[in-house]
Amino acid sequence: IDVEGGEMLVLEGMERLLQGRPAVVVECHSMPILRDVLNLLISHGYDHLEVTRGGDDVGPPTVLAATAQ
């Protein structure tokens with residue numbers, strides 16, 4: 001998901017889909033958004049989370065989320 005600041009709106013719109021815990025990749029365009037995305041994914045039971053520095057090692061952080069299922 002790369003929506004230039006609308007990450008939480010997209011994830012909130014995916015509420016039913018997230019209940020099935022599909023793998024998710026979210027590019028976060030600010031630290032507050034990163035915090036909110038991580039909190040939302042954790043609240044949905046995601047237990048494998050990785051935060052990277054973006055594809056070019058300088059871009060916005062990217063969250064890679066999955067579950068052990």
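Let's call a residue partly exposed when its relative accessible area falls between the buried limit of under 20% and the exposed limit of over 50%. Arg-35 has a relative accessible area of 47%, so it counts as partly exposed. Keep in mind that this is a predicted model.

In general, side chains of opposite charge can pair when their charged atoms come close. How many salt bridges does the count come to? The count is one.

Now for the sheet. Three strands make it up, in the order β1-β3-β2, and the sheet is open with antiparallel pairing. That leaves β1 and β2 as the edge strands, each pairing on one side only. From one strand to the next, the twist averages 15 degrees. As a general point, strands of a sheet pair through backbone hydrogen bonds, either parallel or antiparallel.

Take the two pairings one at a time. β1 and β3 run antiparallel and share four bridges. Walking along this pairing, you find Val-24 opposite Ala-65 in β3, Val-25 bridged to Leu-64 in β3, and Glu-27 opposite Thr-62, also in β3. On the β2 side, five bridges join β2 to β3, again in the antiparallel sense. Here Leu-49 stands opposite Ala-65 in β3, the residue that also faces Val-24.

Val-24 brings us to the largest nonpolar core, which has 15 residues. Val-24 is among those with the most contacts inside this core, along with Leu-11, Leu-18, Cys-28, Val-37, Leu-41 and Val-63. The elements giving two or more residues to the core are α1 (7-13), β1 (24-27), α3 and β3 (62-66). The most comes from α3, with five residues. Generally speaking, in soluble globular proteins nonpolar side chains tend to be buried together.

Cys-28 is worth a look for its neighbours. Leaving out residues up to four places away in sequence, Cys-28 touches Glu-7, Ile-33, Leu-34, Val-37, Pro-60, Pro-61 and Val-63. Two of these, Val-37 and Val-63, are also listed with Cys-28 among the core residues with the most contacts.

Last stop: His-44, which sits in the loop between α3 (31-43) and β2 (48-52). Is His-44 buried or exposed? Its relative accessibility is 13%, so His-44 counts as buried. What does its side chain reach at 3.0 Å? That is the backbone oxygen of Leu-40. The side chain of His-44 also makes a polar contact of 2.8 Å with the side chain of Glu-15. Setting aside residues up to four places away in sequence, His-44 touches Glu-15, Leu-18, Gln-19 and Arg-21. Leu-18 links back to the core, where it is listed among the residues with the most contacts.

Key. Residues numbered from 1 in each chain as written. Predicted model: local features only at pLDDT ≥ 70, side-chain atom pairs only at ≥ 80, totals over all residues. Heavy atoms only, no water. Buried < 20%, exposed > 50% of the residue type's maximum accessible area, 1.4 Å probe, protein only. Polar contact = N/O pair within 3.5 Å; in protein donor to acceptor, adjacent residues only side chain to side chain. Contact = heavy atoms within 4.5 Å. Core = buried A, V, L, I, M, F, W, Y, C linked by side-chain atoms within 4.5 Å. Salt bridge = Lys/Arg side-chain N within 4 Å of Asp/Glu carboxyl O. Pairing = 2+ DSSP bridges. Axes fitted to C-alpha atoms, helices over the stretch in contact; angles between N-to-C directions.
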